[in-house]
Amino acid sequence: MPGFTTRPQLRGDFGMVASTHWLASATGMSLLERGGNAFDAAVGTGFTLQVVEPHLNGPGGEVPVVFQAAGSAPRVLCGQGVSPAAATIDAYAGMDRVPGSGVLAATVPGSFDAWMLLLRDHGTMTVRDVLDHAIGLAERGYPVLDRIAAAVENLAPVFSRHWTGSAAVYLPHGTAPSPGSRLRNPALAATYRRVVAEAESAGGDREAQIEAARRAWSRGFVAEAVGEFLSSPVPDGSGEPRQALLTAQDMADWSAAYEDPVSVSHGSHTVHKTGPWGQGPAMLQQLRVAEALGTGHDVLDGVSAGFVHRVTEAAKLAFADREAWYGDPDFVDVPLKELLSADYAARRAALVDDGHASMEQRPGRVDTRLPFEPPLYVPGQTPADRTTGEPTVRDAAGSGPAELRGDTCHVDVVDARGNMVSATPSGGWLSSSPLIPRLGFPLGTRAQMFWLDPASPNALAPRKRPRTTLSPTLVTREDGQAVLAIGTPGGDQQDQWTFTALLRILNGMEDLQEALDTPMFHTTAFPSSFHPRETVPGGLVVEPRVGAEVIHALRGRGHRVEVVQDWSLGRLAAVARDPDSGELRAAADARGAQGYAAGR
């Protein structure tokens, strides 16, 4: 018998788009209907998300993409901008961290160049085509989500006192917009209209237009406006002026790039993730340990205490390794071959006590190398200053501990030809940094992910990628054809929520919506990627639908269980394709009441 679903799984054979906002999914479907392919649709969806979810991402942010063009091997497109050339640990002397608010944490904005590169090499449409919906929504206005209103209300004192560019857009009448009202961003619309104009001034050739748009961004008027804005000190969330390290030259020196995915097999499928400049390989380690523990055989029987316990204990081990070993592989030797081996997984699985929750950080040793072990900050022992950042939007004015879940965005697309895309746009959200008036968007603060401890594999260095939490997923079957794209917002939780849904799908749950609607859980028993980098030893967060008996049994095993509001963990999206029948499927999480799938 099929389980409960909040909405139907979509089925068809033309095209499917699933994202974290209905207007973005509608954009992608519109581009498919106009003759575009999955890559055109993904790009248009990504630009729309920048407009309608400004509290979660923006043009100043980044995007990792895992994709497969029909008939080709899976690839990764890295749209994660690097740290500035001047970003040394010494540049932050006197600080214990890279601040999460203001311009000191700005890395090179990466999303625009990545989307344009994907469009040039794999799409069929023009710059105007993929920006049209985003421009229209920015000009005419878009509906204000409850979370946008709450984020702006929370940050209104910062905007009105210190970030006047942000106030001009997000406090249009001197107050925060109410939920359900419409909000415009004419400056951003003008920026993208000028990008289109400069693209079309290059002539009628599509690729020439895209290259002109890329130049306008990284070497032209956008980079010039960024450089001018950062040429003098800019106030952070407390109003203290800070001199940014990012320059226009940093933007000119960087471009998005393709690379091979990191992959492991699981049964008859292969799961593909980004490299260790993202946290994606942690999911692959979880898959390996799950195999060693036999986790997954009971995954379709509901949410049992044994299943939650084993998944949680495996996650603790994988994320301890994330902190110990992951970083930009252009700078550090990340021992992925060993970390993803079956022998290593067996050794790690042997540490799991089926009757007791671990309270320790247990990174693995590789050969004679010692793992990096970060300091542990537990709740109540962390600094009082809580800067804004993802996935939690905090009170940037410092007047209280109020926090709002921020998360990020996600999009998956598949077309009838078998092209498939999974992408997680993020960064440059409205709470991170003051909006640049000439451009209509703020810069990102992704450098806050770096450690200022040189012993960390994720230690700050010039022109290095920060190890982020952004983690799209692509799955292929034995003959190499893509069958599933899936992902979610959620910071450190991305590869926990997606992992749970993925186990269900790979073990036979045919209804994608059912897999997404299943009660979710995650552990907080490792250092958060965001300041104040708290760790909750034994921490386990669950939705109440897992059941009172399961919660009681988990507490009996020693887990520090926190029961949160129902339907609050995750905003998953997924698309699938059966290469034999050509049937396409899609689903989007009902959590958050804004994600939707579209297709036929």
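On a 1 Å grid over the protein atoms alone, a cavity is a set of points where a 1.4 Å probe fits but cannot get out, while a pocket is an open set with protein on both sides within 12 Å along at least five of seven lines; lining residues have an atom within 4 Å of a point. Points are joined across faces, edges and corners, and a volume is the space filled by probe spheres set on them.

This is a predicted model, where local features need pLDDT of at least 70, side-chain atom pairs count only at pLDDT 80 or more, and totals for chains, interfaces and linings use all residues. Residues are numbered from 1 along each chain as its sequence is written, and side-chain values use heavy atoms, with hydrogens and water left out.

The mean pLDDT (the predictor's confidence in each residue, from 0 to 100) is 93, with 95% of residues at 70 or more. Over residues 384-406, though, pLDDT stays under 50.

| Largest cavity | about 80 Å³ | Gln50, Pro54, Tyr170, Asn185, Leu188 |

The largest cavity's lining has 8 nonpolar, 6 polar and no charged residues. In the second largest pocket, the lining has 9 nonpolar, 4 polar and 9 charged residues. (Ala, Val, Leu, Ile, Met, Phe, Trp, Tyr, Cys and Pro count as nonpolar, Asp, Glu, Lys and Arg as charged, and the others, Gly among them, as polar.)

Conventions: Contact means heavy atoms within 4.5 Å.
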